[in-house]
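Biologist: I am new to this structure. Could you walk me through its charged pairs?

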Amino acid sequence: MRDFNVLSSLIALLLFLVHGVNCEDPYRFFTWKVTYGDIYPLGVKQQAILINGQFPGPQIDAITNDNLIISVYNYLREPFLISWNGIQQRRNSWQDGVYGTNCPILPGRNFTYVLQVKDQIGSYFYFPSLGLHKAAGGFGGIRIWSRPRIPVPFPPPARDFTVLAGDWFKTDHHVLRRRLENGHSLPFPDGLLINGRGWNGYTFTVDQGKTYRFRISNVGLATSINFRIQGHKLKLVEVEGSHTLQNIYTSLDIHLGQSYSVLVTADQPSQDYYIVVSSRFTRQVLATTAILHYSNSHKGVSGPIPAGPTTNIVSSLYQARTIRSNLTASGPRPNPQGSYHYGMIKPSRTIMLANSAPYINGKQRYAVNSVSYLPPDTPLKLADYFNIPGVFYVGSMPSYPSGGNAYLQTSVLGANFREFVEIVFQNWENTVQSWHIDGHSFFVVGMNGGQWTPGSRAGYNLRDTVARCTTQVYPRSWTAIYMALDNVGMWNIRSENWERQYLGLQFYLRVYSSSNSWRDEYPVPRNALLCGRARGRHTRPL
Ligand SMILES: *[C@@H]1O[C@H](CO)[C@@H](O)[C@H](O)[C@H]1NC(C)=O
Ligand SMILES: *[C@@H]1O[C@H](CO)[C@@H](O)[C@H](O)[C@H]1NC(C)=O
């Protein structure tokens with residue numbers, strides 16, 4: 001272990017010397033050993049991906065602008081990558097850890113990620129991005145705390161709990177992956193987990209009278225979830241880095257890949273209470289529970305598990321519209337979140353992204369604007385940097401649905417640095433979608449049933465919606481976002497439904513600057529792994 005740490009410090013020093021990362025911002029070092037290990041979350045033995053022996057993996061705690069040096073040692077029998085859901089990596093898509101930006105870490109090898117959580121606060125998570133690794137664990141929470149002098153719009157909670165919840169399969173991830181490759185869908189999940197445990201498997205201990213922060217992420221593969229606590233209210237305070245109006249909810253819908261913070265006051269009689277997570281919009285409703293244990297309680301959980309919403313879509317849409325930003329609260333900087341008037345900026349163009357579920361060559365695929373993403377043999381970012389022809393072309397992703405037959409393509413949408421765009425996610429399918437954009441946060445200006453038209457803009461919230469990185473799109477509905485393309489790089493836009501993502505519901509957004517300056521984008525890291533047609537190329541000399 002000590003060797004690893006010395007090594008990572010050395011690597012960090014080298015990277016620092018050539019990388020121009022701000023030396024005033026502190027460094028945090030992590031050494032992660034990725035292995036397989038046995039777990040029994042639903043009563044049967046399964047092989048899970050462990051990080052330093054843990055499932056879920058270790059929590060990352062950082063303060064705004066910290067540099068994170070994370071050395072990942074791959075002891076699996078197959079290539080591996082970790083990606084960071086919601087961490088923006090300004091000027092640095094080299095560290096994004098998806099196959100479009102990074103070569104996989106081969107078995108027995110290591111890679112050191114150098115991230116900076118620049119200008120961010122809030123709740124996020126990391127996950128393994130290749131294959132169906134996410135079905136085997138390998139994920140963990142990320143908390144970015146505000147810098148000491150920047151006000152947080154609520155008193156410090158007595159404790160800050162991470163809740164990683166989501167659906168779970170008993171089937172091995174290799175088998176799930178083969179099933180998808182053979183053109184079939186995933187089975188219905190076998191259950192739900194909270195922090196890697198099944199029914200009543202995890203306990204959160206609280207003191208009566210005190211207030212706690214719960215940071216809940218949906219780390220599942222297939223279903224939206226609803227979160228609630230028996231007898232307790234949830235005060236929403238943060239969504240993926242935005243401080244919200246502090247509305248009170250009895251339950252909260254959390255779609256795939258989303259993260260929320262709620263404050264919960266232990267203001268009930270001394271006993272134990274159910275924390276419930278249940279599946280949303282599924283014919284068969286899955287549920288699981290954890291325990292909220294009052295430290296002075298001698299009485300276990302009792303009474304029925306509180307019921308939550310199941311298939312009702314309208315209630316979810318209404319709840320989504322109530323989630324708004326507190327304009328006077330500070331974000332990562334001392335100035336109020338509302339000082340960036342996103343609603344006053346006129347988007348330079350509208351991009352419409354329509355999902356579909358076509359069969360291509362007799363196999364189930366998923367497509368956006370008729371294009372089903374095909375991974376190339378060389379990461380797009382490396383092909384772009386080394387000018388390797390034939391890997392992709394900019395414009396291979398149409399910015400409007402064409403209505404034509406679906407086809408396979410390595411799809412890249414081109415855009416210019418500092419553009420301000422409107423993106424409409426149009427969902428004509430009868431299932432809820434969840435879209436994530438790497439490297440950016442965006443303003444969710446509107447969502448509604450039916451077909452989006454220019455007239456839909458009349459209903460936009462141009463004043464106080466939240467900025468976030470993952471948004472749902474309800475069945476036969478649309479969601480519109482505004483986004484500033486303020487981060488040069490190659491960025492993955494993907495479905496957070498893992499079957500859909502794996503079978504083509506994703507593409508890359510190439511945010512381009514012609515300036516060729518480190519102010520806009522860092523050059524290729526010295527330690528970049530090279531594979532495919534980039535093998536044998538040279539990164540930079542020291
Ligand atoms: C980590 O990777 C580097 C570069 O590939 C290699 O030189 C080093 O030996 C590796 N360290 C370990 C402990 O595997
Ligand atoms: C918004 O934030 C301000 C500043 O911290 C705080 O005083 C106020 O109570 C918050 N308002 C709501 C509705 O959450």
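Predicted model: local features only at pLDDT ≥ 70, side-chain atom pairs only at ≥ 80, totals over all residues.

Biologist: How many salt bridges does a search of the whole structure find?

Modeller: Side chains of opposite charge can pair when their charged atoms come close. The search covers the whole structure, and its count of salt bridges is 23.

Biologist: How many residues apart in sequence are the parts that Arg-143 and Asp-160 tie together?

Modeller: The side chains of Arg-143 and Asp-160 meet in a salt bridge, at 3.2 Å from N to O. Arg-143 sits in strand S8, residues 140-145, and Asp-160 in strand S9, residues 159-168. The pair therefore links parts whose separation in sequence is 17 residues.

Biologist: Is Asp-160 buried or exposed?

Modeller: Buried means under 20% relative accessible area. Asp-160 has 11%, so it is buried.

Biologist: Asp-207 and Lys-210 also form a salt bridge. Is Lys-210 buried, partly exposed or exposed?

Modeller: The Asp-207 and Lys-210 side chains meet at 3.1 Å, N to O. Asp-207 is partly exposed at 29%. Lys-210 has a relative accessibility of 41%, so it counts as partly exposed.

Biologist: Where does Asp-438, the salt-bridge partner of Arg-494, lie?

Modeller: The Arg-494 and Asp-438 side chains meet at 3.2 Å, N to O. Arg-494 lies in strand S34, residues 489-495. The pair ties together parts 56 residues apart in sequence, because Asp-438 lies in the loop between strand S29 (433-437) and strand S30 (442-449).

Biologist: Which residues do salt bridges that share partners join into one network?

Modeller: Arg-143 and Asp-160 meet in a salt bridge. Both belong to the network, which joins Asp-61, Arg-143, Asp-160, Arg-213, Arg-215 and Glu-238.

How values were computed. Residues numbered from 1 in each chain as written. Chains lettered and ligands numbered in written order. Heavy atoms only, no water. Salt bridge = Lys/Arg side-chain N within 4 Å of Asp/Glu carboxyl O. Helix = DSSP H or I, 4+ residues; strand = E, 2+ residues; numbered from the N terminus. Buried < 20%, exposed > 50% of the residue type's maximum accessible area, 1.4 Å probe, protein only.
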